[in-house]
Amino acid sequence: MTWKDEWRRVWASGWKDLTTERRSKAGLNAVAFMGILVLLLFGFALGPDTEALRNAAAGALWLAILFAGVLAFNRSYQLELDGGALESLLLYPGARWAIYAGKLIANLVFVLIVEAVVVPVAMVLYQVSLPPGWPALIGVTVLGTIGFVTLGTFYSAMSSRSRAREVLLPLLLFPMLIPVLLAAVESSASLLGGDPMSEAGAWVRLLGAFDIIFLVASLLAFEYVIEV
């Protein structure tokens, strides 16, 4: 098969998942609610101290995205497994990385939509205003989301055939996400604080490097993981 055919498979796989989610809307509502609930719980735990809320805003936001995203990843291969379609996809001629790439694109769009709901809520709850360099903050959010979704989609494939996949996925995913989350939280906090020490650039470069490494490794390893 040609590269053009492979990319058609990527588009078809991603579009199918997005269309299914658009029609049901149940997953989006549940994931967005989970993210907002995590923000509320952290807000209550931190108390009414405005300064403490602002200092914890970046960490609380990324943890909310993390816990909400896990719900989305658990659904990535559920439809194919329930309908017995996964084996047919694997037997179809062509590279198997196209299945992963399609799932990755669909999950990325889904998580970005959830962030579009959760981020404004976080800004209101934690009394954070947009910094002068807010376009850079959006870029950091996108980079962090790419790394998060790349690993989430990969490990959801690894745990998809397990009966305890809802428990196994976080156990596999969370330790691997530590570098991505650390870089995303530190760069976000630095930008929200005005980046007085010019530290954000180093964290952003580190985040970009992690994204590239994890994406390439996941594409190469997916064919072996999906056989397990």
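View 1. F154 is buried, with a relative accessible area of 9%, where buried means under 20%, exposed over 50% and partly exposed in between, for a 1.4 Å probe and protein chains only. Y155 is likewise buried, at 11%. This is a predicted model in which local features need pLDDT of at least 70 and side-chain atom pairs count only at pLDDT 80 or more, while totals for chains, interfaces and linings use all residues. Residues are numbered from 1 along each chain as its sequence is written, and side-chain values use heavy atoms, with hydrogens and water left out.

**View 2. The aromatic pair of F67 and F174.** The structure holds six aromatic pairs, counted when ring centres of Phe, Tyr or Trp (its six-membered ring) lie within 6.5 Å, with planes under 30 degrees apart termed stacked, over 60 edge-to-face and the rest tilted. The ring centres of F67 and F174 are 6.0 Å apart and their planes stand at 85°, so this pair is edge-to-face. Because F67 belongs to helix α3 (residues 50-74) and F174 to helix α8 (residues 165-192), the pair ties together parts that are 107 residues apart in sequence; helices here are DSSP runs of H or I with at least four residues, numbered from the N terminus. F67 is partly exposed at 33% relative accessibility, and F174 is partly exposed at 26%. F154 and Y155 also form an edge-to-face pair, at 5.3 Å centre to centre and 85° between the planes.

**View 3. The kink in α8 and the residue after the helix.** Helix α8 has a kink of about 50° at L177, shortly before the proline P179, the bend being the angle between axes fitted to the seven residues ending at a residue and the seven starting there. G194, which follows α8, has a positive phi near 90°.

How values were computed: Helix = DSSP H or I, 4+ residues; strand = E, 2+ residues; numbered from the N terminus.
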